Each structure stands twice: as structure tokens, then as C-alpha cells.
Amino acid sequence: MNTRLVGMVILMCAASMITSNAHATDKPHKKMTLSEKGEQARIESAELEQSQLQKARDAANATAEREQKVLAKQEANDWEAQQLEKAQAQSEQRLTREQKYLQQAQEAAAQTRKIPKETSDPAQSE
């Protein structure tokens, strides 16, 4: 029984190989002429060129989108820069006022003070 089973499996494998070979020979492989090969190469080259151009366009669009995002972010940073400039201007004004007050204080300290003489000296009147 086992030999019969093995024989049937071998017979089926051989039959499937023969039928698959017969299907392959139904369509004979046509050899292309040199001009046909050249034409096919031109077509493939044009398709490849178009796909490369599309990839380049996509990359350019992606780059433009990234640039817009960066510009938008920089505009937000411009607000921060303006705030920083305002803060620096206020700090400079404060320092200028402090310098002015310090200069006034130094001028006042440099002036000689005149103490008014009293007309009546209490020590002499006694």
C-alpha cells in the first residue's frame, strides 16, 4: 500500500511538471529586435525621468512647507525680540536716571553750605 501511495505521488508530481511545461511552451518567448529594445529602453527612460521629476517636485514642495514653518516660528520669535528690545530700552533709561540722580547728588555734596548766622547769640545774651 505504501509503495502504491508513493507511486501515485510521484506520478502526480510528474504530471504537474509536464502540464506546467506545456503551458510555458504555449506562449513562445519572442526575441526582441534591436530597434524594439531601443524603443523599450526609451520608454523606460522617459518613465524613470518622469518619476524622478515627480520626486524632485515633491521634495521641493516639502522644502517650501518646512521653510514656511520656520518663517512662522521666526515671526513668533520676532515678538520675543521686540519684548527683549523694550526691556533693554527700559533698563538703559533706568540706568540713565540713576546716573542723573547720582550726578545731582555729587553736585549737591560739592557745594559749600552756608549756615545762616543767627543775629542773636544765646551765649552772649546771658
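In what order do the elements of the chain run from the N terminus on? They follow the pattern α-α-α. This structure is a predicted model, and its secondary structure comes to 3 helices and 0 strands.

**Confidence**

Among the elements, helix α2 has the highest mean pLDDT, 90, while helix α3, covering residues 122-125, has the lowest, 56.

**The surface**

Let's turn to what the chain shows to its surroundings. Of its 126 residues, 0% are buried. The chain exposes about 12600 Å², and carbon and sulfur atoms supply 57% of that area.

How many salt bridges does a search of the whole structure find? The search turns up 1. Its partners are E39 and R42, whose side chains meet with a distance of 3.1 Å from N to O. Side chains of opposite charge can pair when their charged atoms come close. Both residues belong to helix α2, which spans residues 34-110. E39 and R42 sit 3 residues apart, about one turn of the helix.

Here is how the two partners compare in accessibility:

| Residue | Relative accessible area | Class |
|---|---|---|
| E39 | 38% | partly exposed |
| R42 | 52% | exposed |

Why do these two residues fall into separate classes? Exposed means over 50% relative accessible area, so R42, at 52%, counts as exposed. E39 has 38% and is therefore partly exposed, because that class lies between 20% and 50%.

Key:
Residues numbered from 1 in each chain as written. Predicted model: local features only at pLDDT ≥ 70, side-chain atom pairs only at ≥ 80, totals over all residues. Heavy atoms only, no water. Helix = DSSP H or I, 4+ residues; strand = E, 2+ residues; numbered from the N terminus. Buried < 20%, exposed > 50% of the residue type's maximum accessible area, 1.4 Å probe, protein only. Areas by Shrake-Rupley, 256 points an atom, 1.4 Å probe, with all protein chains shown as cover. Salt bridge = Lys/Arg side-chain N within 4 Å of Asp/Glu carboxyl O. pLDDT = per-residue confidence, 0-100.
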